[in-house]
Amino acid sequence: LAGTVPEEERCTVERADASLTYSLFLQRFAFSRPVILRGVTDNSAFRALCTREKLLTAFGGLPVRLSTANTYSYHKVDVPFQEYVEHLLKPQDPARLGSGWYPHLTICSPHPSLLPYQPHPPCVSSSPDTLYFFGDNNFTEWGPLFQRYVPPPFRIPGTSPAYSFGIAGRYWWARSPQGWMGVFPAPNPPTPTVGSGSGVPFHWHGPGFSEVIFGRKRWFLYPPDQTPHFHPNETTLAWLHRMYPVLPPAKRPLECTLRPGEVLYFPDHWWHATLNLDTSVFISTFLG
């Protein structure tokens, strides 16, 4: 199940450090292949603001928009951020589809905080859906947090950056003098946990960067001319269990696991899928 999701045997994405110049970035990576950057920025201050306690204090009562975790993100559901963190951060079930309307729960007497944002009838039965918080951020509400983020120093000529912030997986519980409390950074990483396995299946869009703030995120990437074989409503975890083992070496994607402080750059139109190996907090900089 989800708790057994491993890292890849060998990272096949090239890495670069702070010695990479802008001209070399444009020449070697910007239009041709992905690269993992390490040490190009310092986001320790941003990371300190992304703990469970800090995020719930700042944004707990605000609505966030969840998307179905499939290739096209067909449906959206608005819930308070606290509701997502406390009830919807679940391990990924390999049998669950990525598409659907609602979370895997039953709401019959809606909490008052849900009423202004609730797009569904007063009673909704549980359904095999996978919902995901990534992007669709209200930039007025989340702006103070984004202002503390230091983006990678590289840009593609003719583009402008836009941020998407997300959280996926399952939070950990730790004992404190006041009792048990949830925390985003796992107390003793990096072993696979029961919260691993969420993610988004293969899709493509314009170029961008993605940085892991907490947790670990495994990436799978194909160039534009190598369309991967997958079902758009199948989760990445199901694809990893069903398709990945039978792929010949020449047909396997580029892959690597990102850790906190690492930034992946992906070029325009590159296919990519993600798999969170722990509870993950992450931010992407899309270059549109």
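This is a dialogue on reading some features of a predicted model.

User: Next, helix packing. How do the axes of α3 and α4 cross?

Analyst: Two packed helices are described by the angle between their axes and the distance between the axes. Here the axes of α3 and α4 come within 9 Å and cross at roughly 145 degrees.

User: Which residues make the contact between α3 and α4?

Analyst: From α3 they are Arg52, Leu55, Leu56 and Phe59, and from α4 they are Phe81, Gln82, Val85 and Glu86. Sorted by class, this contact has five nonpolar, one polar and two charged residues.

User: Now disulfides. How many does a search of the whole structure find?

Analyst: A disulfide is a covalent bond between the sulfur atoms of two cysteines. The search of the whole structure finds one. Cys11 and Cys256 form it, with their sulfur atoms 2.0 Å apart. The link is left-handed, with -110 degrees about the S-S bond.

User: Where in the chain do Cys11 and Cys256 lie?

Analyst: They lie in distant parts of the chain, 245 residues apart. Cys11 is in the segment before β1 (15-16), and Cys256 is in strand β11 (residues 254-258).

User: Is Cys256 buried or exposed?

Analyst: Buried means under 20% relative accessible area. Cys256 has 2% relative accessibility, so Cys256 counts as buried.

User: Last, salt bridges. How many are found in the whole structure?

Analyst: A salt bridge pairs a side-chain nitrogen of Lys or Arg with a carboxyl oxygen of Asp or Glu. The search finds 11 in the whole structure. One of them joins Arg259 and Glu7, whose closest N and O atoms are 2.5 Å apart. Arg259 lies in the loop between β11 and β12 (262-266) and Glu7 in the segment before β1, so this pair ties together parts that are 252 residues apart in sequence. Arg259 is partly exposed at 31% relative accessibility, and Glu7 is partly exposed at 27%. These two also belong to a network of salt bridges that links Glu7, Arg216, Arg259 and Asp278.

User: What about Arg218 and Glu255: buried or exposed?

Analyst: Both Arg218 and Glu255 are buried. Their side chains meet in a salt bridge of 2.7 Å, N to O. Arg218 is in strand β10 (residues 217-222) and Glu255 in strand β11, 37 residues apart. In another salt bridge, Glu234 meets Arg242 at 2.8 Å, N to O. Here Glu234 is buried, at 14% relative accessible area, whereas Arg242 is partly exposed, at 43%.

Key: Residues numbered from 1 in each chain as written. Predicted model: local features only at pLDDT ≥ 70, side-chain atom pairs only at ≥ 80, totals over all residues. Heavy atoms only, no water. Disulfide = S-S within 2.5 Å. Helix = DSSP H or I, 4+ residues; strand = E, 2+ residues; numbered from the N terminus. Buried < 20%, exposed > 50% of the residue type's maximum accessible area, 1.4 Å probe, protein only. Salt bridge = Lys/Arg side-chain N within 4 Å of Asp/Glu carboxyl O. Axes fitted to C-alpha atoms, helices over the stretch in contact; angles between N-to-C directions. Contact = heavy atoms within 4.5 Å. Nonpolar A, V, L, I, M, F, W, Y, C, P; charged D, E, K, R; others polar.
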